[in-house]
Number of protein chains: 2
Amino acid sequence: MKWVESVFEIIAEPNRRAILSLLVSSQQSVGEIERQLRMPQPAVSKHLRVLRDAGFVESRVDAQRRLYRLRPEPFQQVDDWLAQFRRFWSAHVDALERHLDRMEQKTPTERKKEKTTRPKPRT
Amino acid sequence: MKWVESVFEIIAEPNRRAILSLLVSSQQSVGEIERQLRMPQPAVSKHLRVLRDAGFVESRVDAQRRLYRLRPEPFQQVDDWLAQFRRFWSAHVDALERHLDRMEQKTPTERKKEKTTRPKPRT
DNA sequence: CTTTAATATACCTTGACACGTATATGCTCT
DNA sequence: AGAGCATATACGTGTCAAGGTATATTAAAG
């Protein structure tokens, strides 16, 4: 069994991210997750296992059910890693615009983010 | 070729994260990355290819070299995803409230999502 | 024009992992 | 104790991506 796995590998899986997003609202049982995500039960259990081993969730026993809820630490790890890059889209957006003339050539006041733009890089 | 890949799958790879961290300080050529990370050159090139396709980096041609530098958008995507979990580790509401306030004070056009400052987690 | 340097890509192999199916474990209630 | 539900795990399978090696491309230098 792989006991140490980076938080990034954990959240790379779309179904796991879906589960995590579900748990934001409140704790959920395996069956509830199974129904809401329309995912086979073993899949849910297995993903939950991975998430729990990585510290993303913890479980509480409630009769035959197990209630899963989020834990904060791994998210903070992701946030910590992200910190070193923050200047690239936050404080230095204006400075970045000077350099990156290939995009964001619009009005300086209008820096809205574009979500899934994929302008196929070609070189 | 796989043109659409989630940003999370991209940063799941440790070597890619290492490359990205390297590029924080300044732009680097393939050879420089190769030497600093002690990684075979084809590996560097392949990872850079993935990173570029995903929008994490862009390249500039400098004679026979290619200089790679960071691009902000994908990092922001990660941050956006992370936003929904922030309340779990910024128990100190001031950071969270500052974050939320910023979002709400934006003009309706930009109201979508925005982050300008890092809510420094205080645990 | 040939050689050398820098980078990209093609091909192959290997291992990890997500999925499905089946089965095991565990709890509850009668 | 036995039935039934909720969850976990074991096992086999296919896919996909990362690594390694070799080679292709492009630019500079001689």
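## Basis of the description

Residues are numbered from 1 along each chain as its sequence is written, while chains are lettered from A and ligands numbered from 1 in the order in which they are written. Because the model is predicted, local features need pLDDT of at least 70 and side-chain atom pairs count only at pLDDT 80 or more, whereas totals for chains, interfaces and linings use all residues.

## Strands of chain A

Helices (H or I, at least four residues) and strands (E, at least two) are DSSP runs, numbered from the N terminus. Two strands pair if DSSP finds at least two bridges between them. In chain A, strand E1 (residues 28-29) pairs with strand E3 (residues 65-70) in the antiparallel sense over two bridges. Within this pairing, A:Gln28 has A:Tyr68 as its bridge partner.

Strand E2 (residues 57-62) of chain A also runs antiparallel to E3(A), and six bridges join them. Here A:Glu58 stands opposite A:Arg69. The hairpin of E2(A) and E3(A) has two residues between the strands, and A:Ala63 takes a positive phi near 60 degrees in it.

## Helix H4 of chain A

H4(A) contains 13 residues and reaches 18 Å from its first C-alpha to its last. That is close to the expected 18 Å, the expected span being 1.5 Å times one less than the number of residues. A:Gly55, with a positive phi near 85 degrees, follows the helix.

A:Val44, A:His47, A:Leu48 and A:Leu51 of H4(A) are buried, that is, 20 or more other C-beta atoms, placed from the backbone, lie within 10 Å of their own. Seen down the axis of H4(A), the buried residues fall within an arc of 105 degrees (taken from the directions from the axis to the C-beta atoms), so they line one face of the helix.

## Sheet of chain B

Chain B has an open sheet of three strands in the order E1-E3-E2, with antiparallel pairing. Strands E1 (28-29) and E2 (57-62) of chain B stand at the edges with a single partner strand each, so one side of each lacks a neighbour in the sheet. Two bridges join E1(B) to E3(B), and B:Ser29 stands opposite B:Leu67.

## Surface near DNA strand C

A residue is near the strand if its C-beta atom, placed from the backbone, lies within 6 Å of it. There are 22 residues around DNA strand C, and B:Ser29, B:Gly31, B:Pro42, B:Ser45 and B:Arg65 come nearest. H4(B) gives the most to this surface, with six residues.

Note on methods:
A residue is buried if 20 or more other C-beta atoms lie within 10 Å of its own, exposed if 12 or fewer, and partly exposed in between; C-beta atoms are placed from the backbone.
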